[in-house]
Amino acid sequence: MHVLCDTCSIIMLLRIAPNMFSDERYKCVTIVQVRQEIVRTRKFKYKYSWLNNNAKEIKILKISKLEANKKDQYLTLINQYINVGDMNYGLSTVDKEIAACSLANGYNLVTSDTKLGVFLKKFFDKEVIEPLSLLNDWLRKGCFTWSDELQEIIKDWSYCNEKPQAKDEKELFESLTGYKYEGP
C-alpha cells in the first residue's frame, strides 16, 4: 500500500488516475489531515473545480487499535529523534503524523519532500517513493495507457512548481510511454 502526503502530487495523480483511491490496483491511501487540506484549501477548490467531485473518493487510512498504538509509539520516537538530532528537518505536525502512520502499517510513503525522505532514511532506514516512480509503477502494471491528454497533465505538473523527479524515473517514464517527460 502507498501512503500519499503531498497535496499537489495527489491532485496531479488524481487527474491522471481519478480512481487511484478506489481501485485496488493503485493501492493508494492518505491520512485525514491531508484529505482535509485538499478539500478545504481555497486554491485547490477554485483552481481544480473537478476536485470537488473527486474529493469524496480520497481513501483515508483506517487504523486499528493495535496500529494506533504502534503509530503513537512511532510518533513519540520521531519527536525524540528530532529533539536530540543534530539537524533541523523542518517536519510539520502532519509530516510527523504521516511518517508514523506509514511506519506503523509498513506502507510505502510517497513524497517529493526531501527533508522527510532524508529523516526517514537516517533514523528508520526507510526509503520514500517519488510520485513519478508511483506513476511508472502504474504504467508497468497497465493500469492505463498514456495519451496526449495525460501528457498535458505532466506539463501542468511542472507549471505548478512540483519538485523535480529523479532522472532515472524520467528515463523510465519515457521508455514506458514513448513520450518525452516534460514535467519537473
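A: Terms first: rings of Phe, Tyr and Trp (its six-membered ring) pair if their centres lie within 6.5 Å; planes under 30 degrees apart count as stacked, over 60 as edge-to-face and the rest as tilted. This is a predicted model, where local features need pLDDT of at least 70, side-chain atom pairs count only at pLDDT 80 or more, and totals for chains, interfaces and linings use all residues. Residues are numbered from 1 along each chain as its sequence is written, and side-chain values use heavy atoms, with hydrogens and water left out.

Q: How many aromatic pairs does a search of the whole structure find?
A: It finds 13.

Q: How are the rings of Y74 and F124 arranged?
A: Their centres are 5.9 Å apart and their planes at 65°, so they pair edge-to-face. Y74 is in helix α5 (residues 65–84) and F124 in helix α7, so the pair ties together parts 50 residues apart in sequence. Helices here are DSSP runs (H or I, at least four residues), strands likewise (E, at least two), numbered from the N terminus.

Q: Is F124 buried or exposed?
A: Buried, at 18% relative accessible area. The cut-offs: buried is under 20%, exposed over 50%, partly exposed in between (1.4 Å probe, protein chains only).

Q: And how do Y81 and F124 pair?
A: Edge-to-face, because the centres are 5.5 Å apart and the planes at 75°. Y81 is partly exposed, at 26%.

Q: Switching topic: where is S112 found?
A: In the loop between β3 (108–110) and α7 (114–124). S112 is buried, at 7%.

Q: What does S112 touch?
A: D6, S9, P131, K163 and Q165, not counting residues up to four places away in sequence. Contact means heavy atoms within 4.5 Å.
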